[in-house]
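Welcome! Here is a short briefing to read alongside the model, with the points grouped by topic.

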Amino acid sequence: MTEPTDAIEAHKAAAAPRGAAHRAHALIPAGWLCAAAVVLMAGCAASPPSASLTRFDLGPPTIPAASAIVSTNAGAAAATAANVTNTAAPSSDIAAAAGQRMSPLKVVVNAPSWLDVDTIYYRLPASDGDQARGYANSRWLASPARLFGDRLRAALSVGRPVLAAGDPTAAPALRVDLEEFAQYFDSASTSYGVVQMRATLFDGPKLLAQTTLRAQAPAVSADAAGGTRALAAASDAVQTQLIQWLAGRVPAPSATTSVRAPAPSRALPAASPAVGALAQ
């Protein structure tokens, strides 16, 4: 299977200036050789014009339905399936959720270095080499870690106050380690977005619970545009799983509890092809 179209076109565009320079050199008369050499040297020193980049983000945050926010069924996280269609919650649900505000929560989002850049990653089938590759002419507006973290805080803030890691207020802390955020190709025309994360809940230095959640959503097109939309849908799905898992697990903050931000995770992303939610 070949790379997506925009990556191939990028390679062709990079090669075109060099071929044109070679043909121009062949047509230069011998008497102008020195002058031509100066021109060619200047041309080599200057960077070839780069193709314009297309920037993507995850779109406007979607508001989880109140049923997902106030649910006490933590096992529902394991039953959340792929192929999720994102819709904003009705205003009546939002109002109901606002009346059932829960305990504040400090949120820390970590990611490995490869997800802390603006590259949009895709993976080809295992038969073509199971490795992450980046689109040539498409980039995220910010790193996946930043985009996912902002979207997660917006989703959590519907049901509870969300605090920064360094906030002096005593509150439990949630550490989210983003482990996978890529578009997977089954064939040249079929792909889907996969998001996987590990969530760890702390009450001060005490570890309360931990779970690994994973979701996927189909891409409407086999390119960067389709992949980013699929990753937005998968992000919303896995965040809904997280909200359901948190229900009933976050303790009321103690006035004497002092919460420090958990140390950043250095774990590498899991490469397991398994699909679905794994909850403890």
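A nonpolar core here is a set of buried Ala, Val, Leu, Ile, Met, Phe, Trp, Tyr and Cys residues joined through side-chain atoms within 4.5 Å. With that in hand, please keep in mind that this is a predicted model. The protein chain comes to seven helices and eight strands, and buried residues make up 42% of its 280 residues. Among contacts with a separation of 6 or more, 76% join residues 24 or more positions apart.

**The nonpolar core**

- The largest nonpolar core holds 47 residues, and Phe148, Phe181, Leu242 and Leu246 have the most contacts inside it.
- Two or more residues each come from strands S2 (105–110), S3 (119–123), S4 (132–140), S6 (173–185), S7 (191–203) and S8 (206–218), as well as from H6 and H7.
- Helix H7 gives the most to this core, with 11 residues.

**How H6 meets H7**

- The axes of helix H6 (residues 144–156) and helix H7 (residues 224–246) come within 10 Å and cross at roughly 45 degrees.
- That angle is why H6 counts as oblique to H7.
- The crossing of H6 past H7 is right-handed.
- On the H6 side, the residues in contact are Phe148, Arg151, Leu152, Ala155 and Leu156.
- On the H7 side, their partners are Ala232, Ser235, Asp236, Val238, Gln239, Leu242, Ile243 and Leu246.
- Sorted by class, this contact has nine nonpolar, two polar and two charged residues.

- Beyond its neighbours within four places in sequence, Phe148 touches Ser235, Val238 and Gln239, and its other contacts are Leu58, Val176, Leu178, Phe181, Val195 and Met197.

**Two further buried positions**

- Thr228 sits in helix H7, and counts as buried because its relative accessibility is 3%, under the 20% cut-off.
- Setting aside its neighbours within four places in sequence, Thr228 is in contact with Phe56, Leu58, Ile120 and Trp140.
- Pro112 lies in the loop between S2 and S3, and is buried, with a relative accessible area of 10%.
- The C-alpha atoms of Pro112 and Ala145 are separated by 8.7 Å, although the two are 33 residues apart along the chain.

Terms used:
Residues are numbered from 1 along each chain as its sequence is written. This is a predicted model: local features need pLDDT of at least 70, side-chain atom pairs count only at pLDDT 80 or more; totals for chains, interfaces and linings use all residues. Side-chain values use heavy atoms; hydrogens and water are left out. Axes are lines fitted to C-alpha atoms, for helices over the stretch in contact, and angles run from 0 to 180 degrees between N-to-C directions. Helices (H or I, at least four residues) and strands (E, at least two) are DSSP runs, numbered from the N terminus. Angles under 35 degrees count as roughly parallel, over 145 as roughly antiparallel, 65 to 115 as roughly perpendicular and the rest as oblique. A crossing is left-handed if the near helix is turned anticlockwise from the far one by less than a right angle, and right-handed if clockwise. Contact means heavy atoms within 4.5 Å. Ala, Val, Leu, Ile, Met, Phe, Trp, Tyr, Cys and Pro count as nonpolar, Asp, Glu, Lys and Arg as charged, and the others, Gly among them, as polar. Buried means under 20% relative accessible area, exposed over 50%, partly exposed in between (1.4 Å probe, protein chains only).
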